[in-house]
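This report walks through strands, cores and a surface patch. Please keep the sequence and the 3D view side by side while reading.

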Amino acid sequence: MSHIYLHEIIDPVRAPGAHTRYLDELGEIVTTRGNAEGSAGGRCVANWAPVFLTGDWPQIIGFWQMPGGWDGFAAHFDTHPELFHQPLERWYGERSGGSDRVLIGADYSPTLDEIVASETRAPVVLHETVRLRPGGAPEYLRLLGEVKQALDDRYGFGVLGGYEVAFRNGGEAIVLWSFPDVRTLTRTQSAPGDFPELAAWRERSAEIELAHTGVVLRPTSWSPLR
């Protein structure tokens, strides 16, 4: 069964404290009930905020594992045909908009249960959105899996997961890299020669990618990856 994920980009209301109130309420819901009403039963893997200077702000990125794969996805929306789910009104006070993606996890991408069982931590995440030629995502993610294996966390960082974006004709992927701290991440920028496997991947991927955007993220205190 393919593991399916909801990837959401949330734009908080531009008002003092709005993003904090949103995350506090969401954290209370996730830690006490598991998921928010209307979230298709998704289980929260992480909610992140961009590190200042590396992306849009204020912004929140949510990552949810959907139960039951594609069958679960279909079952939820076939039994919830309404155009807007009921809790939407309550969030308008803290959110001004956003966008969603449905992701298909590569086989080396850990599920939430695997993350919890292995006590996987990712205090700093490099989140990459990669555009590819149509149909290019599966091969791109296969090659990324080889990089994950080659790195094998030997430098203290590695590939956390790779995901094909659904409904994009195989032309977009999301890649998550895990780092123990910002210093380790910045060393991959300032001294790329110290990490030959990563340098080789960047050279290889540059030949395949049509566009590439990276943003540095930190998880909320209640995210399992923290």
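## Strand pairing

Two strands pair if DSSP finds at least two bridges between them. Helices (H or I, at least four residues) and strands (E, at least two) are DSSP runs, numbered from the N terminus. The model is predicted: local features need pLDDT of at least 70, side-chain atom pairs count only at pLDDT 80 or more, and totals for chains, interfaces and linings use all residues. Residues are numbered from 1 along each chain as its sequence is written, and side-chain values use heavy atoms, with hydrogens and water left out.

β2 (43-50) and β3 (60-66) pair antiparallel over five bridges. Trp 48 has Ile 61 of β3 as its bridge partner. β2 also runs antiparallel to β8 (residues 211-219), joined by three bridges. There, Trp 48 stands opposite Pro 219.

β1 (residues 4-12) pairs with β3 in the antiparallel sense over seven bridges. Leu 6 faces Trp 64 of β3. β1 also pairs with β4 (residues 95-105), again antiparallel, over nine bridges. Ile 4 has Ile 104 of β4 as its bridge partner.

## Burial and cores

Buried means under 20% relative accessible area, exposed over 50%, and partly exposed in between (1.4 Å probe, protein chains only). Eight of the nine residues of β1 are buried. In β2, six of eight are buried.

A nonpolar core is a set of buried Ala, Val, Leu, Ile, Met, Phe, Trp, Tyr and Cys residues joined through side-chain atoms within 4.5 Å. The largest has 24 residues; Tyr 140, Leu 144, Trp 177, Phe 179 and Trp 201 have the most contacts inside it. β5 (124-131), α5 (137-151), β7 (172-179) and α7 (196-206) each give two or more residues to this core. The largest share, seven residues, comes from α5. Apart from this core lies another, of 20 residues, including Tyr 5, Trp 48, Leu 103 and Val 125.

Contact means heavy atoms within 4.5 Å. Not counting residues up to four places away in sequence, Trp 177 touches residues including Val 125, Leu 144, Leu 198 and Trp 201.

## A surface patch

Which residues form a nonpolar patch on the surface? They are Phe 52, Leu 53 and Trp 57, with about 470 Å² of accessible area together (Shrake-Rupley method, 1.4 Å probe). Patch residues have over 30% relative accessible area and no salt bridge; nonpolar side chains are joined within 5 Å. A salt bridge is a side-chain nitrogen of Lys or Arg within 4 Å of a carboxyl oxygen of Asp or Glu.

Leu 53 lies in the loop between β2 and β3. Leu 53 counts as exposed because its relative accessibility is 74%.

Conventions. Patches are made of residues with over 30% relative accessible area and no salt bridge: like charges are joined within 9 Å, nonpolar side chains (Val, Leu, Ile, Met, Phe, Trp, Tyr) within 5 Å.
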